[in-house]
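This report goes through a protein chain step by step, from its surface to its strands. Please keep the sequence and the structure in view while reading.

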Amino acid sequence: MSESRQFLARAAAKARNDQHFNQLSKAIASYDSMVRQTRSRQFQNWAQARALAATIKDDVLARLPELLEQFEQNMLAAGGKVFWAETAEDARSYVLALAQKHQAKRVVKSKSMVTEEIGLNEHLEQHGVEVWESDLGELIVQLEREKPYHIVTPAMHKSKAEISRLFHDKLHAPLTEDAEELTLVARRHLREVYLSSTLGVTGANFLVADLGAVVVTENEGNARLTMACPPVHVVIAGLEKILPRLSDLSLFLPLLATSGTGQELTSYNSIVLGPRHAHESDGPAEMHVILLDNGRSALYQQAAFREILRCIRCGACLNACPVYRTIGGHAYNATYQGPIGAVIMPHYNGFGKYQHLAYASSLCGACSDVCPVQIDIHHLLLKNRRTAVERRAQPWFWRAAMRLYAWVMADAARLQRVRHWLVRLWPWQRLWRRPAEQLPPLSPKSFRELWREHGSQP
């Protein structure tokens, strides 16, 4: 079965699941309330803040090669190492080589969607290196052997009862639905992981060019321990994460926190300037930054799609999307779900497999309205649909059906003849429709006939 048909089957199953719908609705309603309150309290003019952020990111894209080289020079001067990874395989191989060089048996990792994008955990585990997620939500889905459900809140779909049962089965913890107790279970488990890991892997929310700094934001302190405890710190970041100046963080940190979780600022904001220096008492002895391309340069070279590289991965478009709010994250079977995923996944992983995601949208524009960097997401989805047609990436049956549709609709008389046939054949539709489907009856009269009856000519 094709990926698009599997997507439709998964989406239909999720849409009919009332428990899943209620849990997702409750989580997003809480998010919506927090974002509205924080946005009005923190920003005097939200529209101006978005416009300024978009302008800064457009400047970044206009000078992207220059800023990346500036970041590299400053990171090297601070004692770090920089590796340019053209593909996911390049990035995976570099991390594995580091693990083998340091004879690492265990790696601890903080939340990072780009490591999900390149399949880092699976690659390391295939070569005998144990990987532990340190973010609470990521740890939950890892123990459940699932993929993240949401790019910001990976375990949004789990109830406290489900997490309690999971920790009981996997970590031998007593059953409890007390959130603080569940957090302490994960904390006790991870303490030993931090101390016994040779490599700590993180992503980066931003890379600051004029300092050569890596910026990581989080709410649990786990990323800070992942960076500081193991002797080797590895950062994997997409090319688009760059910001020109340290001062730009004064806008982007609150913008990301507000749109991502409804906070004024995340609890921990780390600005990392290379590995441990001689006068410092702790921190990693080595620091490696992997600048990942993996399809971003191809996007950058397409003027029509370049603006998508302004994305700061806040997840606001997922929470606003009526499709995501109905089917949730796992139905997409993609690293990046929702509207942002529907735009970038075909470019990163192929139109042949993911072109159908552009149709998982009502094109209502809610995603564009909430985007903190003013990306015109729903029009990019239309462009993806056009690109899929131009590349003939859709199934032959779909292309044939669209040609037939265009042929019928091109002639009014032809359309009327087809409509008459459909009215005659309509009683037989029960032979091919699914049992749960209730198709509305066809009107006995066409729009043209109704118009004439009311005394006007079309």
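Predicted model: local features only at pLDDT ≥ 70, side-chain atom pairs only at ≥ 80, totals over all residues.

Residues are numbered from 1 along each chain as its sequence is written, and side-chain values use heavy atoms, with hydrogens and water left out.

## Overall form

The protein chain has 458 residues, for which a compact globule would have a radius of gyration near 23 Å, and the value of 25 Å agrees with this; the radius is taken over C-alpha atoms, and the globule rule is 2.2 Å times the number of residues to the power 0.38. Of these residues, 50% count as buried, meaning under 20% relative accessible area with a 1.4 Å probe, protein chains only.

## Helices, strands and a sheet

The protein chain contains 22 helices and 10 strands, which are DSSP runs of at least four residues (H or I) and at least two residues (E), respectively, numbered from the N terminus.

Four strands form an open sheet of mixed pairing, in the order E8-E5-E6-E9, where two strands pair if DSSP finds at least two bridges between them. Strands E8 (242-243) and E9 (268-272) stand at the edges with a single partner strand each, so one side of each is left without a neighbour in the sheet. Strand E6 (residues 213-218) pairs with E9 in the antiparallel sense over 5 bridges, and valine 214 has valine 272 in E9 as its bridge partner.
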